[in-house]
Amino acid sequence: MELRWIDVLRFATYSNPEPPRRVRQSAAAWARQLKPAEFRVLRQKETEPPYRNAYCRVYELGQYVCAGCGSLLFSSTAKYHAISGWPSFTQPCTKNAIRYAFDDSHGMQRVEALCSVCDGHLGHVFPDGPAPGGLRYCINSESLRLILP
Ligand SMILES: [Zn+2]
């Protein structure tokens, strides 16, 4: 089933689908495990620079997993060229791969996309993606790892 913007708003407003498992550890443990740039995105919600990131222009077939906990997030078949400077996807791999939360930071009203398993910040989701779902998941490369088949 394709997720649509109304589903994203419902998840962010009421409750997100139950994740398949949960990974929780302290900030200090994450800092030891992750590279500094990954830590800044996943745990401190920073945004990496547009275009100068690993997966913006990558269209190889594979699966994108969370750089924090290894959970499957996106398939390369859902990746498309959004001209945003960041890797963009139309749908997550599964309905419960992503957790959604309203984000009012930086004077904008956005919906944050987080890994449902480890709660790592991935990026944001917008309602200006391609048909039929109409979603654009704008994701930091630092939060992803591409697993080639
Ligand atoms: Zn994760």
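I started at F89, which stands opposite Y137 in β8. F89's neighbourhood took me to strand β4 (residues 88-89), which runs antiparallel to β8 and is joined to it by 2 bridges. I noted the terms: helices (H or I, at least four residues) and strands (E, at least two) are DSSP runs, numbered from the N terminus. Two strands count as paired if DSSP finds at least two bridges between them.

Ground rules before going on. This is a predicted model, so I kept in mind that local features need pLDDT of at least 70 and side-chain atom pairs count only at pLDDT 80 or more, while totals for chains, interfaces and linings use all residues. Residue numbers run from 1 along each chain as its sequence is written.

**The six-strand sheet**

I looked up which strands sit together with β4 and β8. The order is β3-β4-β8-β7-β6-β5, an open sheet of 6 strands with antiparallel pairing. Why do β3 and β5 each have a side without a neighbour? β3 (79-80) and β5 are at the edges with a single partner strand each, so one side of each is left without a neighbour in the sheet. I also checked what lies on this sheet: α1 packs on it and touches β5, β6 and β7, and its direction makes about 75 degrees with that of β5. For such angles, axes are lines fitted to C-alpha atoms (for helices, over the stretch in contact), and angles run from 0 to 180 degrees between N-to-C directions.

Next I walked along the strands. β6 and β7 run antiparallel, with 4 bridges between them, and L114 has H121 in β7 as its bridge partner. The two strands make a hairpin with 5 residues between them, where D119 in the turn has a positive phi of about 65 degrees. β7 also pairs with β8, again in the antiparallel sense over 4 bridges. There I found F126 opposite R136 in β8.

β1 meets β2 over 3 bridges, and Y64 faces F74 in β2. Those two strands also form a hairpin with 5 residues between them; G70 in the turn has a positive phi of about 80 degrees. On the β9 side, β1 is joined by 4 bridges. I liked Q63: S75 in β2 stands opposite it, and I147 is its bridge partner in β9.

**The core**

Which residues have the most contacts inside the largest nonpolar core? C66, L73, A113, C115, Y137 and I139 do, in a core of 30 residues. Several elements supply at least two residues each, including α1 (5-13), α3 (36-42), β1 (63-66) and β8 (136-139). By definition, such a core is a set of buried Ala, Val, Leu, Ile, Met, Phe, Trp, Tyr and Cys residues joined through C-beta atoms within 7 Å. Buried means that 20 or more other C-beta atoms, placed from the backbone, lie within 10 Å of the residue's own.

I zoomed in on A113. Leaving out residues up to four places away in sequence, A113 touches I98, Y100, L122, G123, H124, V125, Y137 and I139. Touching means C-beta atoms, placed from the backbone, within 7 Å.

**From the record**

UniProt's unreviewed entry places "domain: MsrB" at residues 27-149. Over that stretch I noted 11% helix and 31% strand, with the end C-alpha atoms 32 Å apart.

Methods: A residue is buried if 20 or more other C-beta atoms lie within 10 Å of its own, exposed if 12 or fewer, and partly exposed in between; C-beta atoms are placed from the backbone. Two residues are in contact if their C-beta atoms, placed from the backbone, lie within 7 Å. UniProt positions are given in the numbering used here, feature names are shortened, and annotations may be inferred rather than shown by experiment.
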